[in-house]
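Let's walk through this structure together, from a pair of side chains out to the whole chain. Please have the sequence and the model side by side.

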Amino acid sequence: MEEYLKILSEQIRYKKALPAIEDEIRVHLQEQAEVNRSLGMDEEKAMQLAVKDMGDPVETGVKLDRIHRPQMAWDMIALMAIVAVISIVIHIAIGLGAEEIAHKTQKDYILSATSCIGIGFLGMLLVYRLDYSILAGKEKLAALLFLTAFTVNILFTGITLNGSSGYGKIGPVLLSPVYLMFLYAPLYGAVLYRYRGTGFKGLGSVLLFLFYPVWLACKIPSISLAGSLLLILSVMFSAAVWKGWFTVPKKIALGIYWGLLAFTPLGIAALLINGVRLSFLPVYQQDRILYFMQNYSASNSYVGKAILDNLKNCRLFGTGNDTAGSLPDYYSDYILTFLSGYYGLVAAITLCLLLCLVAAKAFRIAFTQKNQLGMMMGFGSGLTLFINTLLNIGENFGLFPVTATFLPFFSYTGTGIAVSYLLAGIILSVYRYKNLNIEYFTVPKTDVSMN
């Protein structure tokens, strides 16, 4: 048997899969040998016949190699390449349309934007080659290290810029915590995976891992980030509960959670309207929330009015007016408004559909996984891209109040572009190692042999 396993193992190129494959084949051989012994054969002959029935070890090993080797998601990679090329073309067009943009010369802006996209795409390919399953068994530690690093940076050591704290610096490059925090979503997926099979105690732990980063976002302070994170992580939490990962009544647990989640902002609104000040929010943010509730309409703000004027005058194709070019950050937060104003609604809608296609492929990759760790990490990454896309579309088409959002892969923000491609890389890594049995490395061997 050992000689058979040795020859079979030599055919497997992905060595991390070897322990699980060898254990599975060994169990099959032992079970077949037991059947042969029950028919009256001696132990040696029973095992020899079991090995013979298993087939040629080289041929069997080659077949298993095809199943377990890393997979290439060529369609997703091609789609991301198309996204990168379109993004580069858009920013070249934006750069050529202004003598100075984002406090940069025309040449510097184009070089900076294209470099960010190129580096982001290469980073995606690097993460794609990494095995996400290295987190197996280390999910809580990875999440705690991530949150600790952000806590220290946001509360103590980070650079403060334009009233926001927590900026990091690598050489001349500033890294925004608002975008980097979105990398927590796949880590939270790993935390949910680690606590599966637990009851109310485990549920309490994953809720702590959910609300703490939301609180950190408020300390930056960034209410838009806090709201986005709360929505993304809540959907992931709900998916895990609904799939039965926790031994609690699903409908009751989700009803209580979403009921409290809906009641909290209503309670905060009631307090603010009645003149009660909240210690956990800066005064200017409380005033902004109060203004939104009492007086807000898009036409009351300069940016909102510019967006509405652009929508009224833009055409299906071609330039409608130059209102979009007067928007602050039209190359970043309002890039969809810029495209619809200068190139027509069809250009902006096409870009939206392209990003929805990226999200759809991400969800398909996640939900077709055999292992649950990859499924939830891929789901968290895809959901982050999808939610940010929806929020930015809503803002650019006057459906949501004007706030800080970004369009993944396209908004000119170096950190945001990098994070978008890193999340895509995690999704690709999940696909690449989709046939790896993660459970083998995270449960006792006795449990593996029973399955």
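By what part of a helix are R37 and E34 separated in helix α2? Because they are three residues apart in that helix, about one helical turn separates them. Their side chains meet in a salt bridge, at 2.8 Å from N to O; the term stands for a side-chain nitrogen of Lys or Arg within 4 Å of a carboxyl oxygen of Asp or Glu. R37 is partly exposed at 29% relative accessibility, and E34 is partly exposed at 46%. Here buried means under 20% relative accessible area, exposed over 50%, and partly exposed in between (1.4 Å probe, protein chains only).

Before going on, a word on the model: it is predicted, so local features need pLDDT of at least 70 and side-chain atom pairs count only at pLDDT 80 or more, while totals for chains, interfaces and linings use all residues. Residues are numbered from 1 along each chain as its sequence is written, and side-chain values use heavy atoms, with hydrogens and water left out.

Staying in helix α2, which covers residues 18-38, you will find N36. N36 counts as buried, with 4% relative accessibility. Beyond its neighbours within four places in sequence, N36 is in contact (heavy atoms within 4.5 Å) with M41, A46, L49 and A50.

The structure holds five salt bridges. One of them joins the side chains of R26 and E2, at 3.4 Å from N to O. R26 lies in helix α2 and E2 in helix α1 (residues 2-9), so this pair ties together parts that are 24 residues apart in sequence. Another joins R194 and E139 at 2.9 Å, N to O. That pair links helix α9 (residues 184-194) with helix α7, across 55 residues. R194 is partly exposed at 25%, whereas E139 is buried at 1%. Salt bridges that share partners also join D75, K361 and R364 into one network.

α7 (139-157) and α10 (200-219) each supply at least two residues, and the largest share, three residues, comes from α7.

Finally, step back to the whole chain. Its secondary structure comes to 20 helices and five strands, which are DSSP runs numbered from the N terminus (helices H or I, at least four residues; strands E, at least two). Of its 451 residues, 49% count as buried.
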